[in-house]
Amino acid sequence: MNRKLLLTGVLVLMCAITLPAQNISIVPQPKTIRMGEGHWVLQPGTALLATTSDARKSAAIFNEMLEAKTGFQLNILQYSPGEGPVIHLEENLVDGQEEAYYLNIGDGGVHIKGSGKGLFYGLQSLIQLLEVRESAVVLPQLEISDAPAFGYRGIMLDVSRHFFSSQQIKKILDLMAQLKFNTMHWHLTDDQGWRLEIKKYPKLTTIGAWRDSTIIGQYYDFQPFIYDGMPHGGYYSQEEARAIVQYAADRKITIIPEIELPGHSSAVLAAYPELGSFDVNRDEGKGTIAALNDKGEPLDNDISSQVPGYWGVHYNIYGPTPEAYQFLEDVLSEVMEIFPGEYIHIGGDEVPKDHWQTSAIAQKVIKKEKLADEHELQSFFIRRIEQFLNKNGRKLIGWDEILEGGLAPNATVMSWRGEKGGIAAAKMGHDVIMTPNSHMYFDHYQAEDKTTEPLAIGGFLPLEKVYGYNPVPEALTTEEGKHVLGVQANLWTEYLATNNKMEYYLFPRALALAEVAWKPKDEKNYQSFIEDRLPYRLLDFEENGVFFRIPEADVE
Ligand code: TNX
């Protein structure tokens with residue numbers, strides 16, 4: 001069946017009524033909306049008054065979106081025209097909150113008030129209120145006061161397992177901005193590929209960014225694994241990465257780059273094997289992943305020479321050596337030049353620390369530093385990196401495994417193995433981001449019957465479950481709960497190789513997440529979300545070439 005017809009059918013069913021012509025369908029739903037009477041007609045000659053340069057940037061972005069919808073742009077003016085219709089952007093903090101805004105649509109025009117960020121969000125709401133009729137473009141008369149519940153509203157994109165173009169990243173940033181997300185966590189390195197140009201270490205991208213998927217991987221249980229047999233690769237030049245950072249900043253989104261250490265580092269070690277910690281028992285150790293050729297013969301078992309095309313926890317990791325620290329400090333220095341945000345993510349997840357038990361280099365450091373075990377060694381490693389980042393005015397963030405063996409003193413924790421890690425860190429007075437794999441793993445299936453869905457990693461995460469997530473665990477006191485900065489969904493891309501598939505797994509769940517992050521838990525309402533807002537947003541997506549899963553498309 002034609003996708004548009006199917007979509008309209010499903011949406012009408014969801015609403016159990018025909019879609020009303022005019023509805024307030026802003027996602028995330030604003031805090032308070034007071035409806036007025038009638039409409040205000042937006043005319044091509046309307047002035048968009050923006051007196052600051054930041055407001056003018058936001059106005060220009062609004063204009064592009066407006067043109068896509070209506071075919072016309074407004075005149076951005078620096079001074080009041082004195083007469084005629086005006087959309088007035090007043091850059092002034094609302095209620096002392098940086099992300100709050102006030103929006104009024106009345107007989108005389110539109111007035112939006114807020115900080116630079118607030119104005120941007122006000123304009124995002126305004127665009128979602130526009131109704132393009134045959135005769136005119138109209139806006140409902142109303143008044144909105146709005147502000148987010150959480151200061152951190154994020155989505156993580158894994159570009160290592162599959163590479164995505166700058167253009168696609170920008171498309172996702174556009175959509176994130178519409179939904180008032182303010183953070184994109186960019187998973188730039190992993191076993192399957194290094195994706196950022198580093199001037200001092202060119203082999204990271206000449207070798208580390210390309211994998212040969214014809215090599216058959218072998219897991220801990222020695223089951224052979226092959227993915228699609230196709231080569232994959234790509235990377236962002238520093239110039240491209242800078243352009244993306246700027247593009248995001250213009251949309252009030254901060255990018256947190258992630259450079260994985262000490263594990264998930266096979267791509268680095270393929271390029272610079274000397275940074276690894278293989279030395280004794282190099283391939284006899286239990287659990288070593290061997291590389292095979294297409295006849296199933298071992299490739300001299302030197303896995304450190306391959307960028308693997310198979311997933312899971314890989315055995316070779318950085319050695320705790322002066323060379324590795326120097327390399328990481330050099331890399332992080334270049335990373336900090338490109339990414340001005342306060343956080344740098346250093347991974348820290350899924351490190352097969354037992355590997356360090358058979359590593360002479362690692363054992364030497366454990367002895368010398370009087371560490372109890374390999375957990376403390378990881379902690380020692382990460383503390384060193386934290387000191388370096390802090391010295392450079394940045395904050396370290398890592399996955400919840402960085403708690404094991406002792407948390408670095410100023411670290412922020414991303415809680416992914418459920419909420420346990422986040423709860424523990426918050427109780428210790430550390431900041432946390434909640435991203436539990438029970439509710440926030442968008443690489444999981446959207447239908448219970450997985451055979452009806454495009455191949456993914458596993459798990460079942462329906463829209464309603466995402467919507468129902470409350471980022472502050474009940475186990476925390478009010479004071480401790482303040483350490484929960486916000487919430488993030490993770491899009492791992494082992495099986496997401498195309499732009500469409502990426503969008504299919506993100507949407508519509510990211511719309512539900514937008515309300516989880518923006519609205520206090522007592523003000524969320526799933527029924528109203530799927531009936532009053534979601535259908536309109538999805539029709540808009542459909543018109544703008546955004547791919548998504550039609551909700552309940554699996555229901556007859
Ligand atoms: C676990 S979540 C991982 C990723 C995988 C993901 C698949 C985390 C910090 N590590 O490396 O891609 O599971 O769902």
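This is a predicted model: local features need pLDDT of at least 70, side-chain atom pairs count only at pLDDT 80 or more; totals for chains, interfaces and linings use all residues.
In what order do the eight strands close into a barrel?

Residues are numbered from 1 along each chain as its sequence is written.

View 1. The eight strands close in the order 9-10-17-19-20-21-22-23, with parallel pairing. Strands (E, at least two residues) and helices (H or I, at least four) are DSSP runs numbered from the N terminus; two strands pair if DSSP finds at least two bridges between them. On average, neighbouring strands of this sheet are turned by 30 degrees against each other, direction ignored. Axes are lines fitted to C-alpha atoms, for helices over the stretch in contact, and angles run from 0 to 180 degrees between N-to-C directions.

**View 2. Strands 17 and 19.** Two bridges join strand 17 (residues 254-261) to strand 19 (residues 343-347) in the parallel sense. Leu 261 is placed opposite Gly 347 of strand 19.

**View 3. Helix 15 on the strands.** Helix 15 (residues 509-518) lies across strand 9 (152-158) and strand 23, at about 175 degrees to strand 23. Contact requires C-beta atoms, placed from the backbone, within 7 Å.

**View 4. The two domains.** Domain 1 (29-146) and domain 2 (152-211 + 230-272 + 314-524) divide the chain; the bounds come from an automatic or database domain assignment. Seven residues of domain 1 are in contact with eight of domain 2. Helix 3 (116-129) supplies four residues, the largest share of the side of domain 1 that touches domain 2.

Notes: Two residues are in contact if their C-beta atoms, placed from the backbone, lie within 7 Å.
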